[in-house]
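Dear colleague,

I am passing on the structure below, together with notes on what turned up in it. Please keep the model open while you read, as the notes move from one part to another.

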Amino acid sequence: MVRPKVPLISRRKALEVALEIIDSDGLDALSIRRLATALGVNGASLYHHFSSKEDIVIGVVDLALAEVRGVGEPGASWRQWLPENARALRHALLAHPALLPVVVAARSHGQGARLLDASAARLLSDGVPSAVVMPLLGALAAFAISSALHETQSSGPAESATEEYPSLAKAAAERGLNADQIYDLVITSILQAIDTAVEQQRARWLPSIPVPVEGAL
């Protein structure tokens, strides 16, 4: 099949339609043929923008998480915008649960750098010590992913199991905090704990400075 000399569709449009397919029918439902049919073009047209289906999926993840990188007012303290960023990441993952395996795989293979670079740059520009940046971003990203995985793959006891697990059913029905509230509490604790731990390490790294003796020359 001959590839058209002029692209018939834009890269962004192709990614938007691919994301719709994945959201509605799952990751396995996406194929070059199905995407081309949905766009009204032949498969060769997609190769103006993508080298393979895997390339499309990577682009879809970037599109789905694009808003996360722009979260937070320009002049806001990192202590304000970073929790907002963590919340936005979790919400994006919950909105596109079929992409969770891709995000997990990207992190495990070291391919998630693009998703963290903007946040790292902003933290550094805000004066956050470089020793704190990766522990903060790594912990928050890991918790956002695990929280989204837990929420999308688990639920409370089924109605039929209420009699078999009465204590669990009662606890689930009367839970005092919802998933969003728990998430907020944990990310706040992560920020505080890592900040404190790194400051303690930095204090140990600093060479001890001798205290001058009064009257010494």
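This is a predicted model: local features need pLDDT of at least 70, side-chain atom pairs count only at pLDDT 80 or more; totals for chains, interfaces and linings use all residues.

Residues are numbered from 1 along each chain as its sequence is written, and side-chain values use heavy atoms, with hydrogens and water left out.

The structure holds one aromatic pair, and pairing here means that rings of Phe, Tyr and Trp (its six-membered ring) have centres within 6.5 Å, with planes under 30 degrees apart counted as stacked, over 60 as edge-to-face and the rest as tilted. The partners are Phe143 and Tyr183, whose ring centres lie 5.1 Å apart with the planes at 10 degrees, so the pair is stacked. The pair links distant parts of the chain, since Phe143 belongs to helix 9 (residues 130–153) and Tyr183 to helix 11 (residues 179–205), 40 residues apart. Tyr183 is buried, because its relative accessible area is 2%.

Ser147 also lies in helix 9, and at 13% relative accessibility this serine counts as buried. Leaving aside neighbours within four places in sequence, Ser147 is in contact (heavy atoms within 4.5 Å) with Arg90 and Tyr183.

**The chain as a whole**

The chain has 11 helices and zero strands, taking helices (H or I, at least four residues) and strands (E, at least two) as DSSP runs numbered from the N terminus. Of its 217 residues, 34% count as buried. Among contacts between residues at least 6 apart in sequence, 74% join residues at least 24 apart.

**Helix 6 against helix 9**

Two packed helices are described by the angle between their axes and the distance between the axes. For helix 6 and helix 9, the axes come within 9 Å and cross at roughly 30 degrees, where axes are lines fitted to C-alpha atoms, for helices over the stretch in contact, and angles run from 0 to 180 degrees between N-to-C directions. This crossing of helix 6 and helix 9 is right-handed; a crossing is right-handed if the near helix is turned clockwise from the far one by less than a right angle, and left-handed if anticlockwise. On the helix 6 side the contact includes Trp78, Leu82 and Arg90, and on the helix 9 side it includes Leu140, Ser147 and Thr152. By class, the contact has 13 nonpolar, two polar and two charged residues, with Ala, Val, Leu, Ile, Met, Phe, Trp, Tyr, Cys and Pro counted as nonpolar, Asp, Glu, Lys and Arg as charged, and the others, Gly among them, as polar.

The 18 residues of helix 6 (residues 78–95) should span 26 Å at 1.5 Å a residue, and the end C-alpha atoms are 25 Å apart, which agrees; the expected span is 1.5 Å times one less than the number of residues. Among the buried residues of helix 6 are Trp78, Trp81, Asn85 and Arg90. Ala95 lies in helix 6 as well, but is partly exposed, with a relative accessible area of 47%. Between Ala95 and Thr152, which are 57 residues apart in sequence, the C-alpha to C-alpha distance is 9.9 Å.

**Helix 1 against helix 2, and other places**

The axes of helix 1 (residues 11–25) and helix 2 (residues 32–39) come within 10 Å and cross at roughly 115 degrees, and this crossing is right-handed. Residues of helix 1 that meet helix 2 include Lys13, Val17 and Asp25, while Arg34 and Leu39 are among their counterparts in helix 2. The residues of this contact divide into seven nonpolar, no polar and three charged.

Ser45 has its place in helix 3 (residues 43–46) and is buried, with a relative accessible area of 1%. Pro129 is found in the loop between helix 8 (113–125) and helix 9, and at 27% relative accessibility Pro129 counts as partly exposed. The C-alpha atoms of Pro129 and Val198, 69 residues apart along the chain, are separated by 9.2 Å.

Note on methods. Buried means under 20% relative accessible area, exposed over 50%, partly exposed in between (1.4 Å probe, protein chains only).
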